[in-house]
Amino acid sequence: MKKNILFFILILLYTFSVAQDYPDFGMPGKEEIEMKECMFEKEAGAVVLIHEAFSYPEDNFQLITTHHIRIKILKQSGTKAANISIPYFRKNDFERISQLEAITINIADDGTLTKQKVGKKSIYTTKVNERFGEINFAFPSVKAGSILEYQFKSTMKNYYGLRDWHFQQDIPVMISRYHLKMIPNKSFTYRINKRPDLEATVLPEQGKIFFEMRNIPAIASEPFMDAKEDNIQGVNLQINGYNSRWGSNIAIVFQPSWVWINTGLLIRENFGPQILADISGTNDFIREVKLLKSSEEKIIKIYNYVKSKMIWNNFYSIGSIDGVNNAWKKGTGTTGDINLILINLLNNADLNVFPLLVSERENGKVDPTYPYIDQFNKMIACVILEKKKYFLDATDKYTPANLIPGNLLNTTGFLIDRIIGELIFISSDSIQHKEDIGLKMQVTDDGFLKTKVEIKSTDYARVEKERKYNTDKEKFKEKYFKAENYTFTVDSFVIENASYDSLPLIQKFDFNIPVSTTADYKFIPLNFFSGFDKNPFLGDNRFSSINFGYKQSVNVNAVISVPENYQVDGLPKTVRLNLPNDDIIFDRQTVFNKENNTIYYNLKIQFNKSLFGVDQYSLIKDIYKKIFNLLDEKVVLKMKDKN
């Protein structure tokens, strides 16, 4: 009883404090009006002054959430914060957004406030996909000094729509707070995701809880980060139990589980039965496949067959929207349609195939403790042989059967089988992103570096380049074969093995660039096509882990012919750098052969680990700085004394 009274007093004190700091909607305080910069992020163009929300039950135990957001535009660069998108669950009318009100408040030189409402005609709804929609609008008359304020109400059919609370946003946030009240027959758990140096207030009581954080820096898109959602400072909320009473003494407790998801999908009409459905016109093909000698040949044959026959309509789904037979006849479908067709045919060929629920890297990490199907955005096929698993997504036109799709590496999937299902970690220890680069370089008498190039791109490097090449050939050449700091024209560009995904993709071309010259000296760059053209790790702080996706190997071999009237005055030294356990290795060797006046250069950069924790950022930042300093070193040639 004393604990409840104490909690009630704390909430009253907190509510009184909030009321004093933040007056009613459309009534900013003096400090907000006079604010010129964000004290904890001084370069920010805009700042969220407050985002506060209340979630509580209403009639029929609907989940009601009211939001109140106030933003201050500090600089002209921050006016993009005036474009607002409110996501909502559109499928089956699960969520409604109502009571939306928004105003722009501008302050005149004499201190008077002018308020301009966002008109109803300026608010529009867009369909994102089958599950989600967005309410969009832009505040009018926005400039540096404007205060933007909006509020709205979300009504969900039940508490299973409960969202995580994000303290952090794309711009800094001064105050973020969330009040949650549960209905009596549901229980929930929460987990706070925050950096150790940021404080969070949590006031729990039976059936309700209050969260708050203050002075939260903006979250930026960091190089090689997983989904932004995984790194936002916030609270992960989940329903973990449902209690129902029959009569006076009987209590039934329902708790979602992976077994429940597995069983539910197998009996769902648009999922399990589709694996056994008869797909018209495929019987002769399956008979032909069964004559092949090895399981690997059968997998490749069926995988390539489905990829050639089906076109993805750019919609995601776990199950089949139209049924696999209808999708097959139309030749187009969702991810669920196409991959269920693939599973169906693999199963008919007597291969050990399973549906695998996956969350692509940009969709966010899967929480293994949270049995919730909406964590996944796609379903693919997984064929299990004695010594290998094949992860097959027939909507991916460029990834061959022997490679795991790159956006699934280092993620968790849920394997659907006939009994209980299984969570599996998707990774590859052997296959990598591999580039072998050969350069034949000659310094000409007229001051040019004449170069012949041959690049062999293998495995993930091949997939990446083939995708880019087929999307836009001219942009491909510009992006991959134009040095970052040099202007040159690519001549005689040739691609080999484009039709054979089991072979390296070979790119051959010639180019000339002018050599930097000062008096009697010429400076020859060596960093061409290594992929290390700009250091991505310059920031002092980092919120997210570093996920390179795959292991990487870059091998550069260059032969540089030096003119007879020049001598080598400076040569980058042979050097080796490495992280502990050789997670990253940089190995450079340079040799000058005086007899034939030729420089031999070999560079190897090896990533033997693809995933690094945020606690290893200082190590990554340090070795990258050293690598880029070394790559910037040049061969120095000096004209020989004419005497």
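I took two strands as paired if DSSP finds at least two bridges between them. Helices (H or I, at least four residues) and strands (E, at least two) are DSSP runs, numbered from the N terminus.

I noted that the model is predicted, that local features need pLDDT of at least 70 and side-chain atom pairs pLDDT 80 or more, and that totals for chains, interfaces and linings use all residues. Residues are numbered from 1 along each chain as its sequence is written, and side-chain values use heavy atoms, without hydrogens and water.

**Entry 1: sheet.** I looked up F523 and found V636 of β36 as its bridge partner. Strands β28 (residues 521-524) and β36 (residues 635-639) run antiparallel and are joined by four bridges. I then traced the open sheet of four strands, in the order β27-β28-β36-β31, with antiparallel pairing. β27 (516-518) and β31 (566-570) stand at the edges with a single partner strand each, so one side of each has no neighbour in the sheet.

**Entry 2: helix α10.** I recorded twelve residues, 460-471, for α10. Its first and last C-alpha lie 17 Å apart, close to the 16 Å expected at 1.5 Å a residue; the expected span is 1.5 Å times one less than the number of residues. I listed Y460, A461, R462, V463, K465, E466 and Y469 as buried, that is, under 20% relative accessible area (1.4 Å probe, protein chains only).

**Entry 3: loop residue.** I located I420 in the loop between β21 (411-415) and β22 (422-426). I420 is partly exposed, with a relative accessible area of 47%; partly exposed lies between the buried limit of 20% and the exposed limit of 50%.
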